[in-house]
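Me: Please show me the sequence and the model, and then we can go through some questions.

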Amino acid sequence: MHKLVFFYFAILCSLLTLFFVSAHKSQYGISIDLIHRDSPLSPFHNSSMTPSESIKNAALRSMSRSNRVLLSLDANTTLGSTIVPDMEGGEYLMKFYIGTPLVERLAFLDTGSDLIWVQCYPCVSCFAQNSPIFDPKNSSTFKSLSCDTNACTFLSHQCGNSRECNYFYSYGDNSSTSGHLGIETIAFENITIPDFVFGCGLNNSFAFKNENKTTGIVGLGGGPLSLISQVGSEIGFIFSYCLLPPSENSTSKLKIGNDAIISGKGVVSTPLITNSSTPTYYYVNLKGITVGQKTVETGESGGNIIIDSGTTLTYLKPSFYNNFVVLVKEAIGVDTIQNPPSPYNFCFINKANMNFPSFEFHFDGASVPLDATKNLFTIINDLYCLEVVPFNTDNIGLAIFGNKAQIDIQVGFDLEGKKVSFAPTDCTKI
């Protein structure tokens, strides 16, 4: 009898242990500091550069990145030549740790790609970096993945005599990484994650300058090898970010898991639309934009706009953009200048005490008000320039909701619930 009681007691303890472990996992949350590449806190910060020069450079990176988005969505792009947005458009940096013992890495966060990778020893062809190159032989938790693993099939790869998964991953600006796919322990501030699939890059090139200040990429897209997809079952496939402009002397935030849930007054949500041919991108549907008292509608349904933290400007189809700009000109009542600085399309002379109309972006089920001077206009050399520009073609039928429009808005992604939420937020306080 005592043995039977002990047996049931052991089962009860096991069930309770399982319950508490599951409860702990449901509370799993990560909060990560993000640094804008032009922030005073960034290693890329150039104190000799004027604010106007920094803004224009970010806009030019944005133009380059938007062109690569269009290229990656081109129906003629084959899976064997995977192309994702270029890394010159990476705008926010983050720290993470890899290996056992853990070593610190500084990487660009990218919602437009999936793979996490770092430079690895012995590099065949690598760019210079300030910190020592990661040596997997010095880590007790590194394991190389073979060609017959599912993770390997998600990338362009080759198999040698060793049957190691030799991957290749290219970006639209001719940046690339190739090497061995492996699993390793990684950590983000207070959370350690074992058996994480990553790229151990042996041949790597970045197109942008000062590459020695970073060591790789953290992909935050929707594909199977991204940070969110790999830890998704632990954190409910939920993440959010709250972005600050580069002028702020504080960090933006990326939150993953329980910490990422957005609730309270002012939260609105729109369906997240899945595109099986390009699962990396986060699509929603833009119904229209209100300027003052008038609204222009897209007349479209389905996923017609990508939410992207790596693109500075917001891009619209030319036909819709032209209708939108008519309302902006009418509401502001100013004469625009000829030949505005590239890549801007709409600029006018900066006047004191200007009154901007209200702006509101209407997504399916979610209207998001935007502060014109914070989200939609910037000052460049005594000009107000609209941070919304047209694509050079209507053919793709797509738009990009850029990071400038997302400043001081907490943007939350629930991949399992298939929704994106927006909440006006002072991002210095979260």
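**A cavity and a sheet**

Reply: The largest cavity has a volume of about 30 Å³. A cavity is a set of points on a 1 Å grid over the protein atoms alone where a 1.4 Å probe fits but cannot get out; the volume is the space filled by probe spheres set on the points, which are joined across faces, edges and corners. This is a predicted model, where local features need pLDDT of at least 70, side-chain atom pairs count only at pLDDT 80 or more, and totals for chains, interfaces and linings use all residues. Residues are numbered from 1 along each chain as its sequence is written, and side-chain values use heavy atoms, with hydrogens and water left out.

Me: Which strand gives the most to the lining of the largest cavity?

Reply: Lining residues have an atom within 4 Å of a point. Among them are Leu34, Ile35, His36 and Pro245. Strands are DSSP runs of E, at least two residues, numbered from the N terminus. With three residues, the one giving the most is S1 (residues 29-36).

Me: Which strands stand at the edges of the open sheet?

Reply: The sheet has three antiparallel strands in the order S20-S24-S23, where two strands pair if DSSP finds at least two bridges between them. A strand with a single partner has one side left without a neighbour in the sheet, so the edge strands are S20 (347-349) and S23 (377-380).

Me: What is the bridge partner of Ile380 in S24?

Reply: S23 and S24 (residues 383-386) run antiparallel and are joined by four bridges. In S24, the partner of Ile380 is Leu383.

Definitions and conventions
1 Å grid on protein atoms, 1.4 Å probe; cavity = no way out; pocket = protein on both sides within 12 Å on 5 of 7 lines; lining within 4 Å.
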